[in-house]
Amino acid sequence: MNPTPSRERICLLTGGGYPYRRDALSGWCRTLVEGLRRFRFELLTVTDREPPSAPAYPLPLNVRSAHAVAVGRDSARPERRRGDADDPGRAAATLLCEGLVERADGPDEADRPDHAGRAFAGGLRRLAELAAERPAALGALPLADALLDAWRSGADPSAPRLTMRDARTAATLLRHALGALAVELPESDLVHCVGGTTPLLTALAGRWRAGTPLLLTEARTPVARHKPHEERLSPAVRTILRRFRGSVARTGYAEAGLIAPLSAYHHSWALRHGAQAAKLVQVPAGVDPSEYPGAAELDTDPAVVWAGSGGPDSGLTPLLAAFEQVAAAVPGTVLHLVGVTAAHEDHCAEQIERMRLGRAVRLHPLPADPRDRYTAGHVVAHVPGPADPPYRLIEAMMSGRAVVGVDVGPAAETLGDAGVLVQPGDPAELAIAISDLLRSPARRRQLGDAARRRALTHFTNDRVVRVYGALYTDLAAPPPAPAFELALAVPAPRSEPPATLRWLVREER
């Protein structure tokens, strides 16, 4: 019998993913929505790219709506000149930049004073209120002036120099990011934010406006890093962006009712960045064992499988550097790149041509049937990008393939002793580990069987769905009926009260 539909409405908020894009995180969201049919879902994805025209996944009946919103670029809009200090936009921008720039007491961004966090959160909240009243006002915020003033008075002496040009560049990027504050959330009983800085800004604005409870799934690697396309920016601008992302994350931790990290790695990072231990509920990722049944190895030439988007930030470059050495050590080996997106096919082709790997590398779009994802390989190389959650690693483990992984993020705790881990930044060590397994069929099978057993024990969808159902109920369920306390005008006894309340009954004389 199907469970009785719940009255709770969940807004699942992502950053350009489910249901519009097929990737690992979108697959995880789909599992949650389809597994929790007793809840009603409003799907919202907020992205800085062109929004997709239609969902990539069929939507189940418990999805009430699905919308994609693109955060507009207002870089051409001029800033306001210095003027009235009482202007709400200027005051909010000043407060936000002061909290953003204020120097740290320790060597890590996580050691920044509480005052800086409060200032940043206060400024961000004022900007959210401004965005609700006048969204266009965000495009004219005097952020460059505020950044320069804050940098001169509060930046660490070791911080890079901030020029006027740098301040204007950073202001343009921040103004674009803050556009997420103007995105309206659908009416719901709980906002479940999955993703990075952009959707979290929208979630925070919605919480401050409506007081809706917030559940935050922490699936990111540390947000303090800068992205590949930001390499061309100056050190000062990269510092501002890194601090902005970290400050938004800390604000989200403070506002969330519950935080669900994917691993002990994400758990400890959240703690170091201000999350309260009482709010953290660790929920490892999972996959459906029936979708990865663990097929036997194919009788083909040696083959390696890598799953990823194939973009500049996907781990492809170090993988190809290692495979070049594998192909020399084990002639005839083929590398299958599974799940390369259409947007990154040209990048993959350029990298393969530059490495002169030719037909040794095969490109495969993401299969509709996950049973085919890893079957072509004898060894799976798990070389993730900096922002990749551990879903692909768990898929490979469930498929019963021997895994060679790079020891970054939660890879060690996920793989355990059911695979081989190598240090990051060493293509030669990665190549040796892959080559050794290609030459050792018995050890491959032993590790593949161990990986599947470990995945079945710790990383299944049913556990994820069960725990998130409890978290949703905890945060989204209506509050208990109010209790009224009766005030009695009877003095309490001086001695310890008895087990009953008979002393309140007036004795007949």
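Helix H6 (residues 197-210) and helix H7 (residues 235-255) pack at an angle of about 40 degrees with their axes 10 Å apart, the axes being lines fitted to C-alpha atoms over the stretch in contact and the angles running from 0 to 180 degrees between N-to-C directions. H6 is therefore oblique to H7, a class left for angles that are not under 35 degrees (roughly parallel), over 145 (roughly antiparallel) or 65 to 115 (roughly perpendicular). The helices themselves are DSSP runs of H or I with at least four residues, numbered from the N terminus.

This is a predicted model, in which local features need pLDDT of at least 70 and side-chain atom pairs count only at pLDDT 80 or more, while totals for chains, interfaces and linings use all residues. Residues are numbered from 1 along each chain as its sequence is written, and side-chain values use heavy atoms, with hydrogens and water left out.

In the contact between the two helices (heavy atoms within 4.5 Å), the residues of H6 include Leu 200, Leu 204 and Trp 208, and those of H7 include Phe 244, Val 248 and Glu 255.

Helix H3 (residues 114-133) has 20 residues and spans 29 Å from its first C-alpha to its last, close to the 28 Å expected, which is 1.5 Å times one less than the number of residues. Among its buried residues are Phe 120, Leu 124 and Leu 127, where buried means under 20% relative accessible area, exposed over 50% and partly exposed in between, with a 1.4 Å probe and protein chains only. The buried residues of H3 pack against helix H2 (88-101), helix H5 (164-178), H6 and H7.
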